Amino acid sequence: MKINKNTINKIARLSRIKLDDKESEDYIKDLNSILDWVEQLNEVNTENVEPLSNISSSILPKREDVSNDTNSSEEILENAPDKLEGFFAVPKVVE
Amino acid sequence: MSKSSLKQTLKDLDTKKISIRELNQDYLKRIKENKNLNVFIHFSEENVLKQIDNLENDNSAKKLKGIPIAIKDLFCTKSMPTTAASKILENFNPTYESFVTQKLLDEGSIFVGKTNLDEFAMGSATNTSFFGNTINPLSKENEPLAPGGSSGGSAAAVAADLCLGATGTDTGGSIRQPASFCGVVGIKPTYGLCSRWGIAAFASSLDQAGIFSHNVEDASILLQSIAGFDQRDSTSAKVDIPNYFENLDDDLNGKTVGIPKEYSIDGTPMEISQIWEDAIKVLEKKGVKIKNISLPHTKYALPTYYIIAPAEASSNLARYDGVKYGFRSDEIDSLDEMYENTRAQGFGREVKRRILIGTYVLSAGYYDAYYLKAQKVRKLIADDFNRAFNECDFIVTPTAPSAAFPLNEKQNDPIKMYLNDVFTVPASLAGLPGISIPFGKDKNNLPLGIQILGKHFDEQQVFNAAVSLERSYE
């Protein structure tokens with residue numbers, strides 16, 4: 001078993017997702033079965049193979065390095081669940 | 001030919017046989033009659049009527065003027081909310097328009113509504129949506145079928161004739177598989193052909209916008225409308241977009257079709273193998289040379305995809321934190337509590353599963369073993385296709401390993417669900433254009449689909465082969 005109670009808690013914490021005990025149990029099972037299944041990639045010899053991160057065969061143009069102003073803070077804040085004097089508002093961080 | 005076609009409707013509008021208002025009122029009526037299918041997450045009659053008013057006062061010539069189009073609710077639209085079928089974006093009203101929808105607006109099309117999908121496009125049955133299942137319009141009474149996914153709402157909207165075309169997105173098969181399930185045409189173009197600007201991101205190295213339509217000609221018209229370079233998407237390609245429709249040519253004489261042996265998979269229903277053979281025979285009669293090809297790494301495409309896609313998703317979905325937009329939990333004693341509760345309550349089960357697996361394969365100590373390994377296998381899969389296309393002009397395969405299945409049938413076993421994408425994922429990993437067209441029926445009279453794949457940016461060849469097969473089948 002690659003994923004146990006400790007690992008799932010660690011991943012959940014990294015992902016900032018709170019899991020209850022029942023969910024943790026379910027995800028331990030799911031993730032282990034998925035990881036067992038993807039294990040078959042180890043059969044493939046990938047020595048000297050470059051990892052592929054961008055599949056595009058076209059030449060990707062660079063944009064000109066000039067500043068532009070496409071958003072206003074008002075628009076950016078429009079959907080915020082909580083805002084205060086032109087800023088996003090979150091629960092107090094400093095005690 | 002289906003009951004409606006975009007090409008014919010454009011003619012009818014042009015010759016004033018029908019007005020924009022009459023046309024759209026017809027569609028509004030059908031949309032209201034088909035509410036039980038749960039095709040739309042957002043539909044507002046008032047909004048559609050407003051668009052009609054605006055167009056009636058607009059004298060400029062526009063290519064898609066008055067044409068009713070449905071938009072997958074993953075594209076940001078200023079005039080309608082955008083949810084990605086997730087509770088976490090339940091009340092999100094974009095302040096900007098996606099590249100693709102802006103192009104359609106510029107051409108004068110009318111947006112009839114935002115269609116249902118799997119939450120953040122993660123699924124193959126449109127059953128992970130926060131807003132409930134979409135029902136396949138081809139279902140028999142009391143036997144609801146899945147429309148496929150993730151763009152199930154858009155496929156169903158076209159199948160039920162609630163629009164003349166719809167947008168979709170395809171990351172591992174999310175256009176082609178639902179097109180096959182609903183008996184419509186669906187094209188995913190080459191990675192980079194349509195800008196991803198304004199589309200809620202799932203797996204950025206794979207996500208690509210595309211089109212659903214009643215037939216291949218309509219798809220060729222609509223794809224041209226949404227394609228093009230956009231500097232706001234760093235992977236958007238600067239290529240010339242041909243007039244696919246004008247250039248359609250169903251004469252395939254002298255072309256070579258590749259038939260990959262690895263796509264004959266144990267357990268594939270006889271009916272699927274049969275339509276595949278039928279399609280090959282049709283092509284042979286048209287003077288197409290049949291070439292057996294090998295794509296040796298095909299069997300590794302799914303596990304590769306289910307590492308890369310969740311890894312990118314875990315990163316992309318980090319932005320939903322309850323701060324900038326969307327849902328925020330009420331249980332917010334501290335900042336961390338706020339993040340953790342917001343994401344726990346805002347995301348559904350499948351999305352959380354993929355975020356967790358993606359976080360794991362990217363985490364310290366596992367990155368090389370999983371993510372880097374998958375990227376290397378991805379290279380081998382792409383190389384397989386490159387080699388194959390030295391020997392053939394296009395590739396023909398089945399689209400999906402089954403016809404539409406009953407709603408919820410495959411929900412409990414994630415890997416079984418992932419197998420739906422077995423024929424579509426390899427081309428996604430290689431960034432190739434692919435279309436699914438209806439071709440044949442199964443024993444329950446449900447449609448099956450044939451997939452045609454082409455070289456990078458060779459959508460024209462894909463359309464030509466598709467229109468040729470379509471015309472021979474009618």
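Tutor: A crossing is left-handed if the near helix is turned anticlockwise from the far one by less than a right angle, and right-handed if clockwise. The model is predicted: local features need pLDDT of at least 70, side-chain atom pairs count only at pLDDT 80 or more, and totals for chains, interfaces and linings use all residues. Residues are numbered from 1 along each chain as its sequence is written, with chains lettered from A and ligands numbered from 1 in the order in which they are written.

By the handedness convention, helix 2 of chain A and helix 11 of chain B form a right-handed crossing. Their axes (lines fitted to C-alpha atoms, for helices over the stretch in contact) lie 11 Å apart, and the packing angle is about 55°; angles run from 0 to 180 degrees between N-to-C directions. Angles under 35 degrees count as roughly parallel, over 145 as roughly antiparallel, 65 to 115 as roughly perpendicular and the rest as oblique; helix 2 of chain A and helix 11 of chain B are therefore oblique to each other. Helices are DSSP runs (H or I, at least four residues), numbered from the N terminus.

Residues are in contact if their C-beta atoms, placed from the backbone, lie within 7 Å. A:Tyr27, A:Asp30, A:Leu31 and A:Ile34 of helix 2 of chain A meet B:Arg353, B:Leu356, B:Ile357 and B:Tyr360 of helix 11 of chain B.

Note on methods. Helix = DSSP H or I, 4+ residues; strand = E, 2+ residues; numbered from the N terminus. Contact = placed C-beta atoms within 7 Å.
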